[in-house]
Amino acid sequence: MSAVLYLAIIGVFYALLAIVIQRKLANPLKSIETQLIMQEKLKEIKDLAATDKELYMKKQQEISKMMTDSMKGQFKPLIVTFPMFLGVYYLLLPYLFSGFAATTPSITILSIGLTYSQFFIALIFIIGMAVTLSLSSRDKKIVKKQMAERKEQSNNNLNYTQ
């Protein structure tokens, strides 16, 4: 097999492994739910800005805390995947491919000349974005459905107690 094919296999494997690690370390459903809740709260506090300053400040602090927690959760996988990328990119690939660090284009895709390292980065970026966007879209649908079910269930509980 050619070096390009091996490099593509390693790139696909790395991109998929990084996505799996990201989804294991950060709860994507909770992150999306937090974003949707923050959007709702932001709509609420827009109205409060002109009327009730005290309540406005309190709601803004809630949103700020939610944003901080959400960002912490999103950075957790980076602690694992970034060193893993550095190891693959700077240690494994130059060891496996003698021309990996070359600056002369070796691969031509759609009449664009790429070096092995550029090809690897482009490949993991494209695969990572495509898979992440499709999973994110699916996750958003799941979270919206769960939130609607919870809201309906709480409305049924309220109606039942009355």
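Started with Glu-33, which I found in helix α2, residues 28-51. I'm working from a predicted model here.

Is Glu-33 buried or exposed? I get a relative accessible area of 19% for Glu-33, and buried means under 20%, so Glu-33 counts as buried.

Next I looked up what Glu-33 touches. Leaving out neighbours within four places in sequence, I have Val-143, Met-147 and Arg-150 in contact with Glu-33.

**Overall layout**

Stepped back to the whole protein. I count five helices and two strands in the secondary structure. Reading along the sequence, I get the pattern α-α-α-α-β-β-α.

Then the dimensions. The C-alpha atoms fill a box of roughly 75 × 35 × 30 Å along the principal axes. I noted a radius of gyration of 23 Å for the protein, whereas a compact globule of 162 residues would have one near 15 Å.

Of the 162 residues, 28% count as buried. Taking contacts with a separation of 6 or more, I find that 73% of them are between residues 24 or more positions apart.

**Cores**

Which residues touch the most other members of the largest nonpolar core? I wrote down Leu-7, Leu-93, Phe-100, Phe-119 and Phe-120, out of 20 residues in that core. Helices α1 (3-25), α4 and α5 (116-161) each supply at least two residues of this core.

There is also a second, separate core of five residues; I noted Met-38, Ile-45, Leu-48 and Met-66 among them.

Went back to Phe-119 for its partners. Not counting residues up to four places away in sequence, I see Phe-119 touching Val-4, Leu-7, Ala-8, Ile-107, Ile-109 and Leu-114.

**Surface patch**

Last item: nonpolar side chains on the outside. I found a nonpolar patch on the surface formed by Met-71, Phe-75, Leu-78, Phe-82, Leu-86, Tyr-90 and Leu-91. Together these residues have about 750 Å² of accessible area.

Where does the patch sit in the secondary structure? The elements giving it two or more residues are α3 (53-75) and α4 (78-96). Helix α4 has the largest share, with five residues. I placed Phe-75 in helix α3.

Definitions and conventions
Residues are numbered from 1 along each chain as its sequence is written. This is a predicted model: local features need pLDDT of at least 70, side-chain atom pairs count only at pLDDT 80 or more; totals for chains, interfaces and linings use all residues. Side-chain values use heavy atoms; hydrogens and water are left out. Patches are made of residues with over 30% relative accessible area and no salt bridge: like charges are joined within 9 Å, nonpolar side chains (Val, Leu, Ile, Met, Phe, Trp, Tyr) within 5 Å. Accessible areas come from the Shrake-Rupley method with a 1.4 Å probe; for residues, only the protein chains shown count as cover. A salt bridge is a side-chain nitrogen of Lys or Arg within 4 Å of a carboxyl oxygen of Asp or Glu. Helices (H or I, at least four residues) and strands (E, at least two) are DSSP runs, numbered from the N terminus. The radius of gyration is taken over C-alpha atoms; the globule rule is 2.2 Å times the number of residues to the power 0.38. Buried means under 20% relative accessible area, exposed over 50%, partly exposed in between (1.4 Å probe, protein chains only). Contact means heavy atoms within 4.5 Å. A nonpolar core is a set of buried Ala, Val, Leu, Ile, Met, Phe, Trp, Tyr and Cys residues joined through side-chain atoms within 4.5 Å.
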